[in-house]
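Student: I've got a two-chain file open and I'd like to go through it with you. Could you take my questions one at a time?

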Amino acid sequence: MDKNKPTVAVYKFSSCDGCQLSLLNMEDEILNLADAVDIAFFIEASRATKPGPYDIALVEGSVTTPHEIERIKEIRQDAKFLIALGTCATAGGVQALRNFADAGEYANIVYAHPEYLNYLPTATPIAEHVKVDLELWGCPVNKAQVIEVVVALLNNRKPNLPSYSVCLQCKRRGTICVLVDKGIPCLGPATIAGCGALCPASGRGCYGCFGPFRDANLPALTEALQKAERYPGETMRLYRGISGNAPLFRKAADAILSTSKETK
Amino acid sequence: MKTIEVPALARVEGEGGLYIGLENGKAVEIRLDIYEPPRFFEGFLHGRFLQEVPDITARICGICPVAYQMSSVFALENALGIKITPQVRALRRLMYCGEYIESHALHIYMLQAPDLLGKQSAFEVAAIAPDVVKNALRLKKIGNEILKTIGGRSVHPVNACVGGFYQWPDAEPLKALLHELEWGLQASIDCVKWALTLPYPDLEIEYESVALHHPDEYGIIEGEVWSSKGKKLSITDFEKGYIEEHVKHSNALHGRTIDGNTYLVGPIARLNLNHEQLLPNAQKALKDSKLKLPLKNPYKSLIARAVELVQAYEEAIQLVKNYKPEGPAHVELKLKAGEGAGATEAPRGLLYHRYQIDNHGLVTFAKITPPTAQNLPRIEADLFQLAPKIVKMPEAEATLTAEHLVRSYDPCISCATHFLKLKVEEKSK
């Protein structure tokens, strides 16, 4: 092992592997990255593991089992800088939809013997269990952002990440507003930029997979979206989607549920 | 007591462990312990609007999101009784080519080949054979580029919907991929030749192969469910032939045939049943390989993947050349209550979905049978057959041989959870 290289560890919690895969999908950069850092623990890519502590820990997935609560604490102790990677790790991910229902009922629906399972009633972000040094949102994360964060850390500077909404990215790429022009409900005004405004560029509304933009005017957006609904409850379901457990989206969905007759 | 323990199975998608119980040196119990946590997709799909389904099911697997989107949209279109246009069908096949390319190139070079080359990872392979890994990355990247061009990004692309696509992708950036695709076709033919030089462990299994079969094309998105035992079922009747059980040691359900047998899905099963439908270059690569079909050695699934890589490149070239974004990108949906099944061939095997929807288009029932759930009992059975050999090996070699077998299945554990600690235990002591 090169003693001068910072060590990196990659971990998976409850997730689809898509964010780890985004690392392996850096076809043009991965061999250089493997030169610049010592990839010391990355089970999906290598059997070879080196013991911690590690300089950087990248954690994918949310906490959904009692064992994962213990595991994340151990990982935190072994990591100098811990990055929560992707919407599962930062907000709970799509599996956090169980937080709005009875997980036991879900278990009964899916499994013949729910008593064999060992799971928590909620799926929660990493920061609910340990101190997180940086959150990188996205379902999946944008690999350019991952590279930016790693390079920034290697050079001891602050990573340059967007602090504006998807709307600005639409303007930049010249996409005509789908909500204004076509009346398609779009979460872009309430979603943090990072994906490159892919959905509006594909002629559909944003579904918020990069999580909330913290300065969004949610009551105003809710009103505009509800006017554009193509089926009852569309706005509530948009908020309560991939990033549905993020506090701002949770609040917006709850506000709709508490005022509307629409119950589901 | 003889104990071999692997804390986690490396280079598979998801998490699990392997346990082998011995009595007087003979294997009496084999379990793949799946500790990948359950995520309850079929639960929280309830009450979602049908057009949200492909965005949600994509999140079952980061490596094969297109497969999950495709099985969903076909099932929901069947529930509504709508037919997609030939142009939409062609673009769906192209998307699937992109996914086969990225997933197979990843598995061949980065997940399985290190085992055959005595290395721990593709990074280690890169140190001894940099050109192999550079080519591998280029091969893989082209698949991701196809997905990006059609769907905005390769992991969880955003363009597929019930009825077709939200919008036709521009022809120009797709046609611009042709040069790389032509390179990829040649590189994948070379990949088959290279795959034949690798030292596969000996193992012969009499499999019941199960895959979609289509008379006019290599079965991926539509057709009948064929078994090498002669059983032919429509996709709608899939559950009449194949069922899932919940076993205690696994958060992934276990697939069985209705007669209680294990069966095999994935590249070996597809090649065994559908090799006659391969396109000419893939056909020739298979013939030149002198591979004897049916293929019975699970480790050689790498060669089957390489042949499918040729097929995917060859078909992608045709589809890109013929791509004409004409007519509506999606059929308008008329909502009504109904039920529909859909199945497509994910890179790792047959993926079946069934939904019921109400007259508002809301999901009232969802059933998803992933390929790895169907293969798990088969992997355990293979390990049983391998066990007499494993228990005589030194610990490190035993662990690697068993791990390699599991990895050769390209298991997608987060999809099937519904993985690996190798523990060999002498029970009688």
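Tutor: Helices (H or I, at least four residues) and strands (E, at least two) are DSSP runs, numbered from the N terminus. Residues are numbered from 1 along each chain as its sequence is written, while chains are lettered from A and ligands numbered from 1 in the order in which they are written. Keep in mind that this is a predicted model: local features need pLDDT of at least 70, side-chain atom pairs count only at pLDDT 80 or more, and totals for chains, interfaces and linings use all residues.

Student: Over how many bridges do strand S11 and S12 of chain B pair?

Tutor: S11 covers residues 349–357 of chain B. One facing couple is Tyr352(B) and Thr369(B), the latter in S12(B). The two strands pair in the antiparallel sense, and the count is six bridges.

Student: Why is one side of S10 and of S12 in chain B left without a neighbour in the sheet?

Tutor: The open sheet of chain B has three strands, ordered S10-S11-S12, with antiparallel pairing. Strands S10 (338–346) and S12 (363–369) of chain B stand at the edges, so one side of each lacks a neighbour because each has a single partner strand.

Student: By how much are neighbouring strands of that sheet turned against each other on average?

Tutor: Axes here are lines fitted to C-alpha atoms, for helices over the stretch in contact, and angles run from 0 to 180 degrees between N-to-C directions. For this average, though, direction is ignored, and the value is 15°.

Student: Which residue in the turn of the S6(B) and S7(B) hairpin has a positive phi?

Tutor: S6 (residues 224–227) of chain B pairs antiparallel with S5 (residues 210–213) over four bridges, and three bridges join S6(B) to S7 (residues 232–234). Four residues sit between S6(B) and S7(B), and the one with phi of about 100° is Gly230(B).

Student: Which helix gives the most to the side of chain B that touches chain A?

Tutor: The contact takes 52 residues from chain B and 53 residues from chain A. Helices that each supply at least two residues of chain B's side include H4 (86–116) and H6 (130–151). With five residues, the top contributor is H6(B).

Student: What is the average pLDDT of chain B?

Tutor: pLDDT is the predictor's confidence in each residue, from 0 to 100. In chain B, 91% of the residues score at least 70, and the average is 90.

Note on methods: Pairing = 2+ DSSP bridges. Contact = placed C-beta atoms within 7 Å.
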